[in-house]
Amino acid sequence: MTLRVAIVGSGPAGIYTAEALTKQSEGPVEVDVLERLPTPYGLVRYGVAPDHTSIKSIAGYLQRVLETPGVRFLGGLELGSDVSAGDLLSCYDAVVYCTGAMVDRRLGVPGEDLPGSVAATDFVNWYCGHPDVPPETFSLDAEEIVVIGVGNVAVDVVRIMAKTADELRGTDVPEEVLERLAASRVKRIHMVGRRGAEHAKFTLKELRELGDLLNADVLTFPDEVEVGDLTALSRQVRGNVDVLRSWSSRPPADRPRRLEVRFWLRPVEILGVSHVEGVRLERTRLEDGRVTGTGEFETIPADMVMRSVGYQSVALPGVPFDSASMTVPNVAGKVSDRQFVAGWLKRGPTGVIGTNKSDAAETVRTLLAEAVPGTATARLDDLLNARGVCAVTYKDWLSIEAAEAELAAGLKRGERVKLVGRDAMLTACGRVARRASEAPEAPSS
Ligand code: NAP
């Protein structure tokens with residue numbers, strides 16, 4: 001008998017889970033990968049920076065998994081409004097939740113919600129053309145910007161803001177976003193870490209790219225990147241510190257933009273009355289390994305503050321959630337009877353894309369030890385038909401891809417230019433966008 005599994009979320013964690021299920025040898029399996037967007041690949045499409053083309057090429061690997069016999073992509077289905085967790089348990093022998101971490105973590109300081117204080121996660125979604133963050137969401141009217149956090153997302157947003165629009169023309173950035181980047185007035189960017197250079201979360205390869213920017217001078221302050229004895233540090237951290245130190249003595253080359261990478265400063269307030277005017281920061285030191293304020297303050301003027309302090313998962317309707325760790329409680333991927341979890345929703349937003357492969361493999365091992373083929377009593381297709389819900393198929397997705405390639409050719413840009421908005425995507429695959437008045441009735445459980 002065939003084991004039928006639903007995977008909710010088609011990012012790397014979801015598709016690596018599908019791959020692990022199809023590669024096991026315990027018995028036949030059918031996998032449906034459900035996705036709320038009309039498009040697959042999650043953060044590979046809407047999180048990886050457009051100029052990181054080699055990381056984006058992971059989509060080719062994920063595509064081969066979706067094309068494996070026994071795997072189906074069902075896009076445009078939202079858990080909660082189109083199908084419930086209870087529906088999935090009646091239609092599948094096992095359900096694996098892989099919805100990642102979709103929202104930003106909060107700073108918890110006064111002024112955080114002032115106009116001009118924005119989440120890096122939204123800005124990333126914007127330049128990646130996410131249908132929930134339309135092009136008009138951002139315009140770069142600000143001349144001076146503070147980015148809080150020194151992880152790889154902060155490096156991504158800083159690099160995209162520091163580059164010229166021309167440097168991004170060959171990428172898949174939506175045309176409307178490219179126009180807004182071309183009109184950018186950004187002159188000065190401050191990227192601020194609350195601990196030292198040796199504690200920064202960004203990786204060496206990503207950091208080095210900042211030093212190669214053609215349009216921006218990059219600098220650090222000597223006393224902030226002085227680390228002392230480096231021998232006890234990992235190679236990666238030593239590399240970061242070496243690069244950051246070298247920038248403290250690099251003479252500026254009068255490039256149009258300037259990036260200052262700052263350390264030992266924590267935000268205590270985002271300043272402004274009706275709009276962001278600056279950030280008040282407190283100098284810090286470590287006491288017993290903990291960040292402590294020194295009582296010495298500095299204000300950096302800014303027209304925009306970008307909070308880049310990590311992603312977090314959101315609770316899914318009908319699925320247990322631990323609001324302290326912001327993950328789904330699990331033991332080796334098992335949540336409860338026939339419900340499983342993988343990826344950032346399971347372990348928090350850490351690691352590179354490949355980390356999700358071993359994470360998914362663990363969940364699939366747990367699932368195979370417990371799930372019983374033939375437990376499911378209903379069929380999702382019947383349920384969707386009865387509700388008048390029509391999922392976006394893999395073939396539809398290929399039509400969206402073809403339209404994006406055609407758009408790029410018409411604009412004389414790279415291989416692909418992203419379509420903006422769900423309606424454009426549904427039109428590209430010959431569907432009429434569903435209007436709110438035609439929405440199906442909400443499921444009961
Ligand atoms: P991250 O790596 O966890 O970095 C978060 C940063 O925010 C850290 O510098 C952290 O400082 C700081 N922070 C947290 N709370 C703060 C607060 N209250 N005040 C001030 N600073 C605060 O998160 P991320 O940059 O969002 O990246 C998420 C994951 O995606 C990471 O695994 C990352 O490597 C991955 N990613 C990879 C790439 C790539 O490979 N190219 C690109 C983008 C993202 P502390 O260390 O002091 O907490």
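1. Please keep in mind that the model is predicted.

2. The chain is divided into two domains. Domain 1 is built from two stretches, 3-102 and 313-438, while domain 2 covers 105-311. Taken over C-alpha atoms, the centres of domain 1 and domain 2 are 31 Å apart. To the contact, domain 1 gives 28 residues and domain 2 gives 26 residues.

3. Which residues are closest to the ligand? They are Val150, Val153, Arg194, Arg195 and Gly351, out of 23 residues that surround the ligand. Domain 1 and domain 2 each supply at least three residues of this shell.

4. The shell can also be sorted by class and by element. It has 10 nonpolar residues, seven polar ones and six charged ones. Helix 7 (residues 152-162) provides the largest share of the shell, with three residues.

5. In Arg195, a polar side-chain atom lies 2.8 Å from an oxygen atom of the ligand. For Val150 the atom concerned is a backbone N or O atom, which lies 3.0 Å from a ligand oxygen atom. Lys201 again uses a polar side-chain atom, at 3.2 Å from an oxygen atom of the ligand.

6. How much of the ligand's area does the protein bury? The ligand exposes 920 Å² when taken alone, and the protein buries 83% of that.

Methods: Residues numbered from 1 in each chain as written. Predicted model: local features only at pLDDT ≥ 70, side-chain atom pairs only at ≥ 80, totals over all residues. Heavy atoms only, no water. Near = heavy atom within 4 Å. Polar contact = N/O pair within 3.5 Å; in protein donor to acceptor, adjacent residues only side chain to side chain. Areas by Shrake-Rupley, 256 points an atom, 1.4 Å probe, with all protein chains shown as cover. Helix = DSSP H or I, 4+ residues; strand = E, 2+ residues; numbered from the N terminus. Nonpolar A, V, L, I, M, F, W, Y, C, P; charged D, E, K, R; others polar. Domains from an automatic or database assignment. Contact = heavy atoms within 4.5 Å.
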